[in-house]
Each structure stands twice: as structure tokens, then as C-alpha cells.
Amino acid sequence: MEIKTVGVAGTLESSDIQIMVSAGQNGIKIDLESEVAKSYGDQIKKVITDVLKKFGIENAKVKATDKGALDCVIAARTLAAAQRATETTDKPRLEVLQ
């Protein structure tokens with residue numbers, strides 16, 4: 001899947017995460033900002049990477065600002081940002097979230 005623009009989803013409110021997906025090279029690179037990164041950073045990055053790969057994105061730069069989001073919220077925000085970045089919001093791919 002080709003990234004055509006920068007896709008953003010989420011807020012900076014408590015219990016949410018803001019995900020920004022843009023074109024990248026050499027795999028998926030995640031810049032994570034989170035107060036719980038020491039404890040949950042690897043899991044947050046895994047959820048983001050898994051969703052992007054299921055969606056068909058192999059190369060991307062991701063900026064994630066976490067405010068205590070659960071895995072289901074991280075996955076949903078990642079999918080929304082990816083669909084916005086690939087300009088495919090008219091074709092929902094909710095099966096990626098399973």
C-alpha cells in the first residue's frame with residue numbers, strides 16, 4: 001500500500017493516542033512519546049506495527065503520542081491514520097483490527 005500523504009488520527013486527551021503516519025523507507029519506524037513507555041512501549045509499538053502490516057504498509061514513519069490508550073484504541077487510531085495516509089477512507093478495512 002502506498003502512502004500518499006500524512007495521515008493523523010486521535011487526540012491528546014487522557015486515555016487516547018495520537019498517531020501520525022507518513023511515508024518512510026526501510027521498514028516501519030516508530031517514534032513513541034509516552035509516560036508509560038518503559039512498561040508498555042514494546043506492546044504499543046507491536047500493536048502499531050501489526051496493524052500497519054495487516055493493512056499492507058511495509059515502510060512508514062510513525063509518530064505516536066500516547067496518553068494511556070488501550071490496545072483496541074491504539075489499533076483503531078493506527079488504522080484510521082493509515083487509511084487517511086493512503087487516501088482509502090472510502091474503503092473501510094475493519095478486518096485489519098481482528
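These exercises work through the sheet, the helix packing and the nonpolar core of a predicted model.

**Exercise 1.** Work out in which order the strands lie in the sheet, and which strands stand at the edges.

*Solution.* 
- Start with strand 1 (residues 7-9). Three bridges join it to strand 2 (residues 17-23), and the two run antiparallel.
- Move on from strand 2. Seven bridges join it to strand 4 (residues 60-66), again antiparallel.
- A23 stands opposite A60. The bridge partner of I17 is D66.
- Four strands form an open sheet in the order 1-2-4-3, with mixed pairing.
- Read off the edges. Strand 1 and strand 3 each have a single partner strand, so one side of each is left without a neighbour in the sheet.
- The twist averages 10° from one strand to the next.

**Exercise 2.** Find which strands helix 1 lies across, and its angle to strand 3.

*Solution.* 
- List the strands: helix 1 lies across strand 2, strand 3 and strand 4.
- Take the angle: helix 1 runs at about 145° to strand 3.

**Exercise 3.** Identify the residues that touch the most other members of the largest nonpolar core, then trace the contacts of I48.

*Solution.* 
- Count the core: it holds 26 residues.
- Pick out the residues touching the most other members: I19, V21, I48 and V62.
- Locate the suppliers. Strand 2, strand 3 (28-33), helix 1 (37-55), strand 4 and helix 2 (71-85) each give at least two residues.
- Trace I48. Leaving out residues up to four places away in sequence, I48 touches I19, I30, V62, A64, I74 and T78.
- Nonpolar side chains tend to be buried together in soluble globular proteins.

Notes
Residues are numbered from 1 along each chain as its sequence is written. This is a predicted model: local features need pLDDT of at least 70, side-chain atom pairs count only at pLDDT 80 or more; totals for chains, interfaces and linings use all residues. Side-chain values use heavy atoms; hydrogens and water are left out. Two strands pair if DSSP finds at least two bridges between them. A nonpolar core is a set of buried Ala, Val, Leu, Ile, Met, Phe, Trp, Tyr and Cys residues joined through side-chain atoms within 4.5 Å. Buried means under 20% relative accessible area, exposed over 50%, partly exposed in between (1.4 Å probe, protein chains only). Contact means heavy atoms within 4.5 Å. Axes are lines fitted to C-alpha atoms, for helices over the stretch in contact, and angles run from 0 to 180 degrees between N-to-C directions.
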